[in-house]
Amino acid sequence: MGRKNNGQEGIWLSPDADRRRLRDAENARRNRAEITAALSHGQISRRDLVKWGLFTTAGTIVGIDGLSPYVRAETFNAPFDDGSGIPTGLTPSPTFGVQPFTQPMPRFDVLPRNAVSTLSPAPTAAANTTQQLVDPALVGGQTGLMGPIEGRPPGPNWAHQGFAQFPPQVAIEVTTKPVTTNTTYNPGVTSDLNSGINPATPIPPKFHPSFPTQNANRVWTFNGTFPPKLMQVRYGEPVLFRHHNGLTTDITNNGGFGRFTLSTHEHNAHHGAENDGFTGAYFWPNEFYDYHHPWVLAGFRSINTGATDPRAGAPDGRGGINKVPGDWHETMSTHWFHDHMFTFTDQNVYKCNAGMNNIYSSLDRGNEGLNDGVNLRLPSGTAKDYGNLDFDVNLMLADKAWDANGQMTMDTFAFDGFLGDQMTVNFAWKPFMNVYARRYRFRILNASVSRFFVVALSDSSNFTQIANDGNLLPLTVPGLTQTDQLGIAERYDIVIDFSRYSPGKTVDLVNLQEHQDGRGPGQILSVAAALGGRSSDPAVGAFMRFNIIGPPPQQDQSVNVDTVPVALIPNPTLPAVVRRRTFVFADNSDQNQNDPITTYTGGGRWGIGANNTGGDGADHLEADFGRISSQPGFGTCEEWTLINDGGDWDHPIHIHFEEGQIQSRNGSAGNVPAWEKGRKDVYRWRADGTVVIRMQFRDWGGMFMEHCHNTMHEDNAMLLRWDLDSGTPFLSPLPTPISKPTGVTFQAPDEILPNP
Ligand SMILES: [Cu+2]
């Protein structure tokens, strides 16, 4: 199938499109929004939609007039004559006459780090099953029912692994809530480093100060406020992340999309599966879930066990190094955390339920001045021993859409992938940032549902890539004038040197990546074409402006990465491969299970085939979190071949828990670009591509996932579960958790695929 632009689906309506077309689109949007709401409220299922003839079983929406804006007549098979092409499935989001680059970009809101003793009740190794009354709204109106205060599955299989060995030293307590005004903003930097924002001024939940305030049920965030939240952690300092579900118990109070059950994934932390945000281990309003993040270096059970190597370590807070066991080559830096609710991840993450996590180490200390022979001195600052954010900036990129009233909205029927038509950075629409004329590190995260980005500076000047996903590169890549495609959930850390600009100059970040639809990225424009408005995709073009305000208050002491490659972190050595697996990511998939809770049924479109699903990988299965699809051997290394079966589709594939090293792209190691020569946790192909990776499976056990991070694909149903048996206390096979407000029960796996 070639890349289509035939008007059947995937057509952006430009604000200039004729009135009748816009009216039709708005009517269709309303009809679809009603169905979306009914789905998200659990009043109907995807199965019902198939039964009613609204969906084909392949997941495509049937072209009923008045339902899809893309199908106005059977004869409609040519691009619009006005040149519009490309799709939100929605009418254009109004911008209320506001000009871009007129609001300061807020830096992330740093989450408080508290003493563990502040947690009440105290955290426990196994789930705290103390009983409380269950809100009748959660159980069909029944009164007097009891349920646990903690939603984590009970018992030894879901007890924190290594809880006694790595007792929590820091508590980070958050509540996912309907959005409201922020009165406790902590940017972690002074106002001159935050574009003049006074943190004492309350921050309302708006994408721009001149846009409407978001209704509480349209946006759900960590702690219920803008801007997004940042965790700061360091190796050797275990964290207890207590997550409360503060959403309303009325499932219909969601603004038309989003599901009130939560499961939070720290992407891609190396810890036990009970802390990984497993898609079926979700918890309910009025419950909490304790996630234990031990922050150990991979390999800690067998490598550097005496903790003698200062490169395996963390800042001790006093200018020294707290050495820890493990392999220093496994040091990670830039993570994010987000919801992973089964079949609702797209809606819940889009609803702003996402944050970032900076992990500090003796190598990546967040202090550019300390010269101990280990610290890599990346742009950050010097005031604090570690974790300086002055010149180390988190950027969360996400496309959004809002209705005529400015309320965030989503078309969950955009099954190819949902694309917003407005760009936000840190939940702010097209903001500016004041910068000094010096080097800055930007940790860029793609937090979209389905959109890819290619980022360049508006004057096409150089920058340097230093990290890919959570991992610093073996060698920095200087001299880039644009990034590679940044797939959903990928992170690129880049360093921009603003010292080339004189005070008063501006330079913009530009998105060059056009989308024709949500299947995958379309053409990449030149900077001139993107800035010249030569794309009908409204998210192409400048999305953030830097204002250079003058020389820095003190000399830039960061390592010079501007011109020649600088060695950062070499790859860990992989043991011999003991098993090879093939995974094929494709459409036209099947479901062979029918469990009402664990199984995705009806309207599914995507699935994953493998060398153990029969038919030579041709049998692509839709998600079932009760199915164990793979069981790598504990302590072994495997080679996984990820194949894109889908012609013009692309899928950013995320494999939880372990970092992989790309061996080849399309059959050749020579196709692996310099910025992919380190470790990764998300792998994308381009059309018809193949990627071969190697990973070792060690340290912790339980049930993990592999899935497409185009979350529309993930939820419909390109996701599988793989289990890692680390020995006692694990039952093998692991029973599947079944989460209910009255407590989590277990059942035998629906299916266990052969483990060749
Ligand atoms: Cu996908």
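This is a predicted model: local features need pLDDT of at least 70, side-chain atom pairs count only at pLDDT 80 or more; totals for chains, interfaces and linings use all residues.
View 1. Histidine 651 belongs to the loop between β28 (637-644) and β29 (653-655), whereas histidine 713 belongs to helix α5 (residues 711-714), so the pair ties together parts that are 62 residues apart in sequence. Histidine 651 and histidine 713 are both buried.

**View 2. The surroundings of asparagine 426.** Asparagine 426 is found in the loop between β15 (422-425) and β16 (428-429). Its relative accessibility is 1%, and therefore asparagine 426 counts as buried, the limit being under 20%. A polar atom of its side chain lies 3.0 Å from the backbone oxygen of proline 106. Apart from neighbours within four places in sequence, the residues in contact with asparagine 426 include Met105, Arg107, Pro227 and Asn394.

**View 3. An open sheet of seven strands.** The strands of this sheet have the order β16-β15-β14-β18-β22-β20-β21, and their pairing is mixed. Strands β16 and β21 (471-480) are the edge strands, each pairing on one side only. Within the sheet, strand β20 (residues 463-468) and strand β22 (residues 491-497) pair in the antiparallel sense over four bridges. Threonine 464 stands opposite valine 495 in β22.

View 4. The structure holds 39 aromatic pairs. In one of them, the ring centres of tyrosine 350 and phenylalanine 418 are 5.1 Å apart and the planes are at 80 degrees, so the pair is edge-to-face. Tyrosine 350 lies in helix α3 (residues 345-350) and phenylalanine 418 in the loop between β14 (392-400) and β15, so this pair ties together parts that are 68 residues apart in sequence. Both tyrosine 350 and phenylalanine 418 are buried. Phenylalanine 442 and phenylalanine 498 also form an edge-to-face pair, with 6.2 Å from centre to centre and 90 degrees between the planes. Here, phenylalanine 442 in strand β18 (residues 439-446) is linked to phenylalanine 498 in the loop between β22 and β23 (506-511), 56 residues apart. Phenylalanine 442 counts as buried at 1% relative accessibility, as does phenylalanine 498 at 0%.

**View 5. A cluster of rings, and a lysine over two rings.** Ring pairs link Phe96, Phe207, Phe211, Phe226, Trp402, Phe427 and Trp429 into a cluster. The charged end of lysine 351 sits over the ring of tryptophan 220, 4.7 Å from its centre. Lysine 351 also lies over the face of phenylalanine 257, at 4.0 Å from the ring centre.

Conventions
Residues are numbered from 1 along each chain as its sequence is written. Side-chain values use heavy atoms; hydrogens and water are left out. Helices (H or I, at least four residues) and strands (E, at least two) are DSSP runs, numbered from the N terminus. Buried means under 20% relative accessible area, exposed over 50%, partly exposed in between (1.4 Å probe, protein chains only). A polar contact is a pair of N or O atoms within 3.5 Å; within protein, one must be able to donate a hydrogen and the other to accept it, and residues adjacent in sequence count only if both atoms are side-chain atoms. Contact means heavy atoms within 4.5 Å. Two strands pair if DSSP finds at least two bridges between them. Rings of Phe, Tyr and Trp (its six-membered ring) pair if their centres lie within 6.5 Å; planes under 30 degrees apart count as stacked, over 60 as edge-to-face and the rest as tilted. A charge sits over a ring if NZ of Lys or CZ of Arg is within 6 Å of the ring centre and within 35 degrees of the ring normal.
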